[in-house]
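Thanks for making the time this morning.

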Amino acid sequence: MSTSADVVTRYLDAFSRGDPDEISGFVAEGFHNEHLSSIASSCVGIDEYRRRLPNFLATFVDRSYAVLELVEQGTAAHSQVVVRNDFTALYDGMPIDIPGVMWFTVEDGLITKRTDVWDSGIFMAQTATTD
């Protein structure tokens, strides 16, 4: 049986392969994708999450999450996993490297909630975005 940490790391690894079906296969039906950064938006439900993935994958080319630290707490049926990460990608042809922290809730082998915090100011500085 996979640990919650395994589920989360496989989920993050799936982003580098860019398959929306593979990525959404790690999340539960009522998945809550919460973004706390000022220029990001949250969503609830696997259908809405799956609908948004192709645009994210097309916007952030050659993306990957490097796990720098990971902490897992809880039981096999319900646990919390916190990941400090670096997100790298190409955005409009420009390389970006954004530090962040994600807090996951994993229940029965599926991610039910992801709270994502990253510095939008760093993103804007790296991409010269003024919006």
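Predicted model: local features only at pLDDT ≥ 70, side-chain atom pairs only at ≥ 80, totals over all residues.

Let me begin with Glu-69 and Arg-84, whose side chains meet in a salt bridge at 2.7 Å, N to O. This pair links distant parts of the chain, since Glu-69 sits in strand β3 and Arg-84 in strand β4, 15 residues apart. Glu-69 is partly exposed, at a relative accessible area of 45%, and Arg-84 is partly exposed as well, at 38%.

Within it, the closest N and O atoms of Arg-51 and Glu-48 are 2.6 Å apart, and both residues belong to helix α3, three residues apart, or about one turn of the helix. An α-helix has 3.6 residues a turn, so residues three or four places apart point the same way.

Across the whole structure, a search finds seven salt bridges. One of them pairs Lys-113 with Glu-34, with 3.5 Å between the closest N and O atoms, and it connects strand β6 to strand β1 over a separation of 79 residues.

Turning to helix α4, which of its residues are buried? They are Ser-120, Phe-123 and Thr-127, and, seen down the axis of α4, they fall within an arc of 55°, so they line one face of the helix. Their cover includes β3, β4, β5 and β6. At the start of α4, a side-chain oxygen of Asp-119 comes within 2.8 Å of the backbone nitrogen of Gly-121, while just after the helix Ala-128 takes a positive phi of about 55°.

Note on methods
Residues numbered from 1 in each chain as written. Heavy atoms only, no water. Buried < 20%, exposed > 50% of the residue type's maximum accessible area, 1.4 Å probe, protein only. Helix = DSSP H or I, 4+ residues; strand = E, 2+ residues; numbered from the N terminus. Arc of directions from axis to C-beta. Contact = heavy atoms within 4.5 Å. Polar contact = N/O pair within 3.5 Å; in protein donor to acceptor, adjacent residues only side chain to side chain. Salt bridge = Lys/Arg side-chain N within 4 Å of Asp/Glu carboxyl O.
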